[in-house]
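Subject: Structure handover

Hello,

Here is the structure you are taking over. My notes on it follow below.

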Amino acid sequence: MQTRLIIVDDEEFIRLPIKDYFEDCGWDVDVYSTAEEALEHLKSKSAECVIVDMRLPGMTGVDFITAAHRLRPETRFVIYTGSIDFSITDELRASGVDNNCIVRKPAIHLKELKAAAEGREKKE
């Protein structure tokens with residue numbers, strides 16, 4: 001059985017290479033440009049992991065993770081952000097997000113993003 005992944009990013013040039021990489025690694029991947037679309041998906045289908053941008057049109061990444069965690073508490077969330085001053089809020093910590101769940105854009109090697117999606121600790 002394949003590992004299910006959702007990617008939520010409003011920029012197609014970011015979404016598609018990540019999708020291709022994870023599919024090449026054998027994952028089953030769905031992509032969405034808005035948090036609202038991804039949240040609708042999670043109402044009917046689960047995913048082991050969601051990679052989510054923080055700055056999205058409409059619902060923010062933090063609001064999405066909070067709502068998605070209520071629907072699917074077993075899901076792991078990876079924050080893929082370009083924000084250099086991003087920090088984890090109490091809401092995110094309550095949703096299982098820790099420092100190993102944050103990957104800064106651009107991830108030169110997508111292996112770092114994959115390690116976070118798999119729940120492996122970062123190598124400093």
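Which residues have the most contacts inside the largest nonpolar core? They are F64 and I65, in a core of 25 residues. Please keep in mind throughout that this is a predicted model.

Two or more residues of this core come from each of β1, α2, β3, α3 and β4. Helix α3 is the main contributor, giving five residues, the most of any element. Leaving aside residues up to four places away in sequence, F64 is in contact with V8, A35, A38, L39, L42, V50, V52, M59 and F77. Helix α3 covers residues 61-71, and its buried residues are G61, V62, F64, I65, T66, A67 and A68. These pack against β1 (4-8), α2 (35-44), β3 (49-52), β4 (76-81) and α4 (90-94).

Another core, of 17 residues, lies apart from the largest one; among its members are F22, Y80, L113 and A116. F22 belongs to helix α1. Its relative accessibility is 0%, so F22 counts as buried. With residues up to four places away in sequence not counted, F22 touches L5, W27, V29, I51, L113, K114 and A117. For the pair F22 and L5, the separation is 17 residues in sequence and 8.4 Å in space, C-alpha to C-alpha.

Next, the sheet. It is open, with five strands in the order β2-β1-β3-β4-β5 and parallel pairing. β2 and β5 are the edge strands, each pairing on one side only. From one strand to the next, the twist averages 20°. The parallel strands β1 and β2 are joined by five bridges, and I7 stands opposite V31 in β2. Helix α1 packs on the sheet, where it touches β1, β2, β3 and β4, and its direction makes about 170° with that of β2. Helix α5 lies across β3, β4 and β5 and runs at about 150° to β4.

How far apart are the end C-alpha atoms of helix α1? The distance is 18 Å, which agrees with the 18 Å that its 13 residues (12-24) should span at 1.5 Å a residue. The buried residues of α1 are I14, R15, I18, K19 and F22. They are on the same side of α1, because they cover an arc of only 120° around the axis. The face turned away from that buried side carries the exposed residues F13 and D24. The buried residues of α1 are covered by elements including β1, β2 (28-32), β3, β4 and α5.

Two backbone details are worth a look. As background, most residues other than glycine have a negative phi, and most peptide bonds are trans. The peptide bond from K105 to P106 is cis, with omega near -10°. P106 sits in the loop between β5 (102-104) and α5 (110-117).

Regards

Conventions:
Residues numbered from 1 in each chain as written. Predicted model: local features only at pLDDT ≥ 70, side-chain atom pairs only at ≥ 80, totals over all residues. Heavy atoms only, no water. Buried < 20%, exposed > 50% of the residue type's maximum accessible area, 1.4 Å probe, protein only. Helix = DSSP H or I, 4+ residues; strand = E, 2+ residues; numbered from the N terminus. Contact = heavy atoms within 4.5 Å. Expected span 1.5 Å × (residues − 1). Arc of directions from axis to C-beta. Pairing = 2+ DSSP bridges. Axes fitted to C-alpha atoms, helices over the stretch in contact; angles between N-to-C directions. Core = buried A, V, L, I, M, F, W, Y, C linked by side-chain atoms within 4.5 Å.
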